[in-house]
Amino acid sequence: MTFPAVATLIPHRPPMLLVDEVVEHEGPRVICRTTIREDMPFVTDGEVPILIALELFAQAACSLVALLATRRGTAMQSGAFLGTRSVSLQPGVLRVGDVVDIHCLQTMAIGRTAQVECRLVRAGETLAAGAINVMAGPL
């Protein structure tokens with residue numbers, strides 16, 4: 001199945017557009033993918049701290065919210081990462097060339113806000129996991 005380009009779903013633009021593509025979407029679930037590149041923000045000496053997972057979570061969750069809005073016949077013009085109640089990060093870094101998948105599942109939605117459970121996975125290993133809160137539309 002072919003999905004819209006991430007740049008058509010979220011307001012981010014390079015260099016802050018970090019998610020490369022949507023690879024799966026079904027109901028309240030999406031899997032996005034990105035390859036860590038030398039030209040990405042926060043990459044130093046070929047590595048980026050695992051904390052980048054929070055931004056990857058936010059961009060993948062935003063992609064999910066936009067895909068769900070499209071199904072309802074509306075378009076998402078903007079959004080915001082509101083925060084997280086819990087996140088677990090494995091020690092270490094991501095390296096240039098690493099391919100990671102960002103798994104997101106919307107577990108709750110009230111009005112314009114949603115809670116999304118996310119996991120960052122590299123080669124089958126979960127490197128980060130957490131639940132984030134996002135909002136569609138202006139603050």
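Predicted model: local features only at pLDDT ≥ 70, side-chain atom pairs only at ≥ 80, totals over all residues.

Reader: Is Asp-39 buried or exposed?

Author: A residue counts as exposed when its relative accessible area is over 50%. Asp-39 has a relative accessibility of 58%, so Asp-39 is exposed.

Reader: Which residues are joined into one network with Arg-37?

Author: Salt bridges can share partners, and the bridge between Arg-37 and Asp-39 belongs to such a set. The network joins Arg-37 with Asp-39 and Asp-20.

Reader: How many salt bridges are there by this rule?

Author: In general, side chains of opposite charge can pair when their charged atoms come close. One of the pairs here is Glu-24 with Arg-29, whose closest N and O atoms are 3.3 Å apart. Glu-24 is partly exposed at 36%, and Arg-29 is partly exposed at 30%. The count of salt bridges comes to six.

Reader: How many residues apart in sequence are the parts that Asp-101 and Arg-33 tie together?

Author: Asp-101 and Arg-33 form a salt bridge, with the closest N and O atoms 2.6 Å apart. Asp-101 lies in strand β6 and Arg-33 in strand β2, so the pair ties together parts whose separation in sequence is 68 residues.

Reader: Is Asp-101 buried or exposed?

Author: The limit for a buried residue is a relative accessible area under 20%. Arg-33, at 29%, counts as partly exposed. Asp-101 has a value of 17%, so Asp-101 is buried.

Reader: Which residues are in contact with Leu-94, leaving aside its neighbours within four places in sequence?

Author: Leu-94 is among the core residues that touch the most other members. Its contacts beyond those neighbours are Ile-36, Gly-46, Glu-47, Val-48, Ile-50, Ile-52, Val-100, Leu-120, Arg-122 and Leu-127.

Reader: Where does Leu-17 lie, and by what distance are the C-alpha atoms of Leu-17 and Pro-41 separated? What is the distance in Å?

Author: Leu-17 lies in the loop between α1 and β1 (21-26), and Leu-17 is buried, with a relative accessible area of 15%. Not counting residues up to four places away in sequence, Leu-17 touches Val-6, Ala-7, Ile-10, His-12, Arg-37 and Gln-59. Leu-17 and Pro-41 are 24 residues apart along the chain, and their C-alpha atoms are separated by 9.6 Å.

Reader: How do the residues lining the second largest pocket divide into nonpolar, polar and charged?

Author: The second largest pocket has a volume of about 150 Å³. Its lining has 13 residues, of which Ala-58, Cys-62, Gly-79, Ala-80 and Phe-81 lie nearest the centre. The elements that give two or more residues to this lining are α2 (53-71), β4 (79-89) and β8 (125-136). The lining residues divide into ten nonpolar, two polar and one charged.

Methods
Residues numbered from 1 in each chain as written. Heavy atoms only, no water. 1 Å grid on protein atoms, 1.4 Å probe; cavity = no way out; pocket = protein on both sides within 12 Å on 5 of 7 lines; lining within 4 Å. Points joined across faces, edges and corners; volume = space filled by probe spheres on them. Helix = DSSP H or I, 4+ residues; strand = E, 2+ residues; numbered from the N terminus. Nonpolar A, V, L, I, M, F, W, Y, C, P; charged D, E, K, R; others polar. Core = buried A, V, L, I, M, F, W, Y, C linked by side-chain atoms within 4.5 Å. Buried < 20%, exposed > 50% of the residue type's maximum accessible area, 1.4 Å probe, protein only. Contact = heavy atoms within 4.5 Å. Salt bridge = Lys/Arg side-chain N within 4 Å of Asp/Glu carboxyl O.
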